[in-house]
Amino acid sequence: MKTKKRFTTRVLVACGLLASISIVLTRVFSYTIPLAGLPALRIGFGDIPVIISGILFGPIAGGLTGGVSDTLGFMLNPMGGPYIPGLTITAILRGVIPGLIYWLIQSKNIKFNFHIANIAFSILLTIGILFVFMSQDAELPKMLMMLYCVIALAFIMLPVVLGRIIKTEDSLYSFDKILFVVTVAYFILSLGLNTFFLAITYEKGFLAFLPGRILAGFVIIPLHSIMIFVLSRWFKYIKIS
């Protein structure tokens with residue numbers, strides 16, 4: 001069954017409201033962590049309204065929400081950093097990617113095991129964190145390595161455990177699907193394109209920024225997924241069919 005996303009006044013108002021919320025969350029209630037001595041990692045919840053916009057209204061509306069929130073947000077509060085056009089592109093894609101994934105889920109009736117995909121992504125991120133540890137010059141204590149193994153195993157099992165525990169009446173917004181959307185966007189944009197654009201802007205190596213962003217993903221991915229899932233119970237009140 002195909003779904004049609006129409007740019008009605010209600011859709012535009014909803015996108016504008018989500019963009020405004022994203023600006024406030026990003027420019028006021030976020031924290032920037034320096035990587036390689038530069039302000040290269042922002043921790044906050046500003047991506048959540050953009051992702052929600054893509055999920056509810058499609059890739060074009062999601063991209064519009066992301067682009068407006070990033071451009072207008074920088075004009076209101078640059079947060080001490082230069083304007084990077086590449087980051088505006090990734091902000092647009094932050095809404096486009098969830099919109100495309102949900103368009104495929106709804107219109108193509110695809111058969112896909114999101115639990116397995118989420119586990120695969122968790123394993124990749126865990127391997128990436130192991131790479132971060134091994135890239136350090138100092139030898140890690142055995143106790144720290146054992147603690148890492150326990151945390152890594154828990155992180156890998158997290159998609160399955162939460163997917164079984166957290167239930168929803170609407171299978172369209174089940175936790176496994178939302179986790180998949182957030183994870184795919186994080187891998188492509190935060191670990192990939194954003195790191196690339198920052199490396200070019202600040203003339204640093206790609207690997208100078210990547211380790212910190214991998215570690216951040218360990219927290220950001222499950223946290224954002226859980227928050228979007230919790231908010232999904234109100235999607236029916238703002239969704240335009």
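Colleague: Which residues does Phe74 touch, not counting residues up to four places away in sequence?

Modeller: Phe74 touches Arg27, Gly81, Pro82 and Tyr83. Contact here means heavy atoms within 4.5 Å. This is a predicted model, with residues numbered from 1 along each chain as its sequence is written. Local features need pLDDT of at least 70, side-chain atom pairs count only at pLDDT 80 or more, totals for chains, interfaces and linings use all residues, and side-chain values use heavy atoms, with hydrogens and water left out.

Colleague: Where is Phe74 placed?

Modeller: Phe74 sits in helix 3. Helices are DSSP runs of H or I, at least four residues, and strands are E runs of at least two, numbered from the N terminus.

Colleague: Is Phe74 buried or partly exposed?

Modeller: Phe74 is partly exposed, at 21% relative accessibility. Buried is under 20% relative accessible area, exposed is over 50%, and partly exposed is in between (1.4 Å probe, protein chains only).

Colleague: Which residues of helix 3 are buried, then?

Modeller: Ala61, Gly62, Gly63, Thr65, Gly66, Gly67, Ser69, Asp70 and Gly73. Their cover includes helix 1 (9-27), helix 2 (47-57) and helix 4 (85-107).

Colleague: Switching topic. At what angle do helix 2 and helix 8 pack?

Modeller: About 55 degrees, with axes 11 Å apart; helix 8 is residues 206-231. That makes helix 2 oblique to helix 8. Axes are lines fitted to C-alpha atoms over the stretch in contact, and angles run from 0 to 180 degrees between N-to-C directions. Under 35 degrees is roughly parallel, over 145 roughly antiparallel, 65 to 115 roughly perpendicular, and the rest oblique.

Colleague: Which residues make that contact?

Modeller: Helix 2 gives Asp47, Ile48, Ile51, Ile52 and Ile55, and helix 8 gives His224, Met227, Ile228 and Leu231.

Colleague: Last one: how many helices and strands in the protein chain?

Modeller: There are 9 helices and 2 strands. The order is α-β-β-α-α-α-α-α-α-α-α. Of the 241 residues, 47% count as buried.
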